Structure formats: C-alpha cells, structure tokens
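Please read the numbered points below alongside the model.

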Amino acid sequence: LASCVEKDKSPLQIPDAYDGSSFSANTATQSAVRSQLEVLVTEIKKGRTPGTTVDYNTISQLYNAGTPSLKSITTAYYAGRLDGANGWLDELAKASGGTYTPGAPSGQGGTYGAYLFDENGLEPEQLIEKGLFGAALYHHAVALMQGTITPATADQLLSIFGAHPDFPNTPTAANSANPDKFMAKYAARRDKNDGTGLYFQMKNAFIKLQAAVKAGDDYTQERDEALAALRLTWEKVNAGTVINYCHSVISIMSGTNPTDAQIANALHAYGECVGFIHGWRTIPQGYKQITDAEIDQVLTLLNAPYNGTPTSYLFATDPLNELPKLTQVINTLKAEYGFTSQEIEDFKKNWVAEQGR
C-alpha cells in the first residue's frame, strides 16, 4: 500500500516592489473619502485666521456628505463626540472669530498665536483631523480587514493608510508625484530612512500582503502575518507621533519665559497628542493592542478625559506641575509598544525635515 504524502508548499515569493497596476481602479472609494477629509480640514483651518468665523452647518455638512461619508466610516463613539450640539465641530465654530488667552475658562475660546483654541485651551481642529485618522480612516481599514481579503483589499488598505504603491517615504510634493498623506505622512516623519524604520516596516508588510493574497489559499498564514504587522505598525506610528508631540511640548514649556507664539505652538502640539490618541478609542480590541482603559489613562494624563471637561490650559499656566504628566504618557506608550530608549529619543525628531525629504 502506498500512502499519499502532501507536498510542502513552496515558500512565498515576495517581490521587491508593490504592484500598483490596478491601484487607481481599486481605490475610488478611498480616494473619495481622503478628498472629503482634506476638504473638511481646509474649511476648519480657516478658523486659525483671527476674526474669521467658521460656519457649523457648513462643516457639519462636509462631514456628513458623500457616499460613503466621513461620518459613516467613523466609530459610533467618535461620530457622537464630533457632530451635533456641543460636539467638536460645534465647539470649533463657536471659538472661531474670537480670541483666547490661556487661563481658567471664560467665553468660547478663539485664536491664540497661529491656532484656534476652545475655552479650555484645547484645539478642536486636532480632535477633528487627527482624531479621524484613527476613528475614521483606521476604522475603515478595520472594516476592510473584516471582509474577504483580495488584491483589491490590499490596494484599499494602502490608500486609506495614506500611501501609494511608489512608497516615496516623503509627504513633500516637490519630491514625489505621489506624496505620503494622512498616517503615512507621519510614518515618514518617524522613519530615519535607513530601511528598518516604521515606514519601511509598513511598506514590507503591504508587499507581503499583496504577494500572499495573489498566491492563493495556501498562503493564508502569510496573509494573516502581514495583516497583523500592518495593524501593529500602524498603531506604533500613531503612538510614536503622540510621543513626538509630547517631547515638543516639554521642550517648549521647559524653556525660560516662552513667548505667546511659543506657548501657542506648545498647545498646538499638545492638541495633536490628544487627537491622535483619542481617535483610537472604541476601535475593536482585536484590531488594536492598546486597550480603551489604557487610552483613558493617557487622556487623563493629558488633562483631556473622555468623560470630563478638559483642563488643557494648565500645561501653559502651570508647566512645572503639569509637564511630568507628559513624561508619564511617553513612558506608558514606551512600555505598551516595547519601544527602545533609542526609539523614544529618535521620536523627538521629524526625520523628513531633518533629512530634507
């Protein structure tokens, strides 16, 4: 009697480059969503100009328009915080046209330095834009991962990440016909361009994912490995960016007699921290490493609890007592993601600017 022995499958052949031949055709929906976010951000940024009023109905309509709309791909939790009476869109509109001075809340907020803040010293623009990087764009990626994974899915994930099959590793239009946008832009900033950093890890995971899906059902393990790498690295880019902005606030507010412009820049960097981390709240746990309880702890350290009134202005008015909280945030994220001390140090820099990319 002869027994049939199944032959071992051949190792997955992973090419050096991503095949972008069908990218544009496969990503019409993602391109539309990206454009909608860009249009919304352009409109809300008008509030940075002193005396310029942003109309709530206009920006709410931009958030709700399109098929799919930005709102339709946003987590239910975040959509509820963003839109409607006293949501962040409304708070931005109410703050626009006024002026702000860091201190105990009064009025509706306004411009301070080059940015628009609410009465608590928090920048609604960052809760909207950077929060949606997680709550809408990554949440959309989660929905894609929950479906059948095809070569088109790989393209769609790549697009919603903000990258292009070229993987230029730069958000600078002068240096690339297809510059990185959204989270891919920040992956480039966190990457030293030495072929080992977070941007290149994302690139390699996307190439492996595409190769595994094209190779067929025998390579589901490799497909799932690539998806897991994408999820974790995407999240690490987000966390590394929060750390970068924490470093920035500490650096500015530790200085002697910072100017109003410098304080405004620090509050802006701080607002980025809040937006980037808050947007991941309620992302399904199977698709993120950090828990909502840990996100809540970080938000509390940032004086922006999800269920309470922010006291963001304290980082400007009482830095001696408040800045240690940002060091705690850095240490919390370092432990969560296993970042090395060298990585924490490297996160201080915007490597795109350092290297002129």
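**Notes on the predicted model**

1. With 357 residues, the protein chain has a radius of gyration of 21 Å, which agrees with the value near 21 Å that a compact globule would have. The radius is taken over C-alpha atoms, and the globule rule is 2.2 Å times the number of residues to the power 0.38. Along its principal axes, the C-alpha trace spans about 85 × 45 × 40 Å.

2. This is a predicted model, in which local features need pLDDT of at least 70 and side-chain atom pairs count only at pLDDT 80 or more, while totals for chains, interfaces and linings use all residues. Residues are numbered from 1 along each chain as its sequence is written, and side-chain values use heavy atoms, with hydrogens and water left out.

3. The protein chain holds 17 helices and two strands (DSSP runs numbered from the N terminus: H or I of at least four residues for helices, E of at least two for strands). Of its 357 residues, 53% count as buried (under 20% relative accessible area, with exposed over 50% and partly exposed in between; 1.4 Å probe, protein chains only).

4. Asn238 lies in helix α11 (residues 220-253) and, at 3% relative accessibility, counts as buried. Its side chain makes a polar contact of 3.3 Å with that of Trp280 (a pair of N or O atoms within 3.5 Å; within protein, one must be able to donate a hydrogen and the other to accept it, and residues adjacent in sequence count only if both atoms are side-chain atoms). Leaving aside residues up to four places away in sequence, Asn238 touches Met183, Phe276, Ile277 and Trp280 (heavy atoms within 4.5 Å).

5. The count of aromatic pairs comes to 21 (rings of Phe, Tyr and Trp, the last by its six-membered ring, with centres within 6.5 Å; planes under 30 degrees apart are stacked, over 60 edge-to-face, the rest tilted). Tyr138 and Trp234 form an edge-to-face pair, 5.0 Å centre to centre with 75° between the planes. This pair links distant parts of the chain, Tyr138 in helix α7 (residues 124-145) and Trp234 in helix α11, 96 residues apart. Both Tyr138 and Trp234 are buried.

6. Ring pairs also build a cluster, with Tyr138, Trp234 and Trp280 among its members.

7. The charged end of Arg281 sits over the ring of Tyr306, 3.5 Å from its centre, and over that of Tyr77, 4.8 Å from its centre (CZ of Arg or NZ of Lys within 6 Å of the ring centre and within 35 degrees of the ring normal).
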